[in-house]
Amino acid sequence: CGGGLHVVSLSNPVNPTFAGCYSEDGYTHDVQCVLYNGPDSAYLGNEICFASNVDTVTIIDVTDKNNMIQLSRNTYDSYYTHQGWLTE
């Protein structure tokens, strides 16, 4: 995955399998993925990942592992985005 988001399927927890890569935004240090249940009905029920990527926080819809889509990319000047976590 070239340091990008490495997706693993846990549909069989005893035998995890590779499900896909998203490397469009470089190195991913940390990520939190959720099933979206927010106000934007276009994404309800989708798997959305919030990736800490060196100097960005990037939001990716990973519902279709063969066609992951970047929804947002927010940069930080002169800072390292080590990790993040959703609270709500």
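The model is predicted, so I kept the cut-offs in mind: local features need pLDDT of at least 70, side-chain atom pairs count only at pLDDT 80 or more, and totals for chains, interfaces and linings use all residues. Residues are numbered from 1 along each chain as its sequence is written, and side-chain values use heavy atoms, with hydrogens and water left out.

**Entry 1: the cysteines.** How many disulfides does the rule give? I got two disulfides. With the bonded cysteines numbered in sequence order, the pairing is 1-2, 3-4.

I looked up Cys-1 and Cys-21. A disulfide joins them, S to S 1.8 Å. This pair links distant parts of the chain, 20 residues apart: Cys-1 sits in the segment before S1, and Cys-21 in strand S2 (residues 17-22). I took helices (H or I, at least four residues) and strands (E, at least two) as DSSP runs, numbered from the N terminus. The link of Cys-1 and Cys-21 is left-handed, with -70 degrees about the S-S bond.

Next I checked accessibility. Buried means under 20% relative accessible area, exposed over 50%, partly exposed in between (1.4 Å probe, protein chains only). Cys-1 has 33%, so I noted it as partly exposed. Cys-21 has 32% and is partly exposed.

Then I turned to Cys-33 and Cys-49. Their sulfurs are joined in a disulfide, S to S 2.0 Å. Cys-33 is in strand S3 (residues 30-35) and Cys-49 in strand S4, 16 residues apart, and the pair links distant parts of the chain. Is this disulfide left-handed or right-handed? The torsion about the S-S bond is about 105 degrees, so the disulfide is right-handed. Cys-33 is partly exposed at 43%. Cys-49 is buried at 1%.

**Entry 2: the sheet.** I counted two strands as paired if DSSP finds at least two bridges between them. Four strands form an open sheet in the order S3-S4-S5-S6, with antiparallel pairing.

**Entry 3: Thr-58.** I found Thr-58 in strand S5 (residues 56-61). Its bridge partner in S6 is Arg-73. Is Thr-58 buried or exposed? Thr-58 is buried, with a relative accessible area of 0%.

For its neighbours I used contact, meaning heavy atoms within 4.5 Å.

**Entry 4: the core.** A nonpolar core is a set of buried Ala, Val, Leu, Ile, Met, Phe, Trp, Tyr and Cys residues joined through side-chain atoms within 4.5 Å. Which residues make up the largest one? I listed Leu-5, Val-7, Tyr-22, Cys-49, Ala-51, Ile-60, Val-62 and Met-68, eight residues in all. Strand S1 (5-9) and strand S4 (47-53) are the elements that give two or more residues to this core.

Last, I followed Val-7. Beyond its neighbours within four places in sequence, Val-7 is in contact with Thr-17, Phe-18, Ala-19, Gly-20, Lys-65 and Met-68.

Notes. Disulfide = S-S within 2.5 Å.
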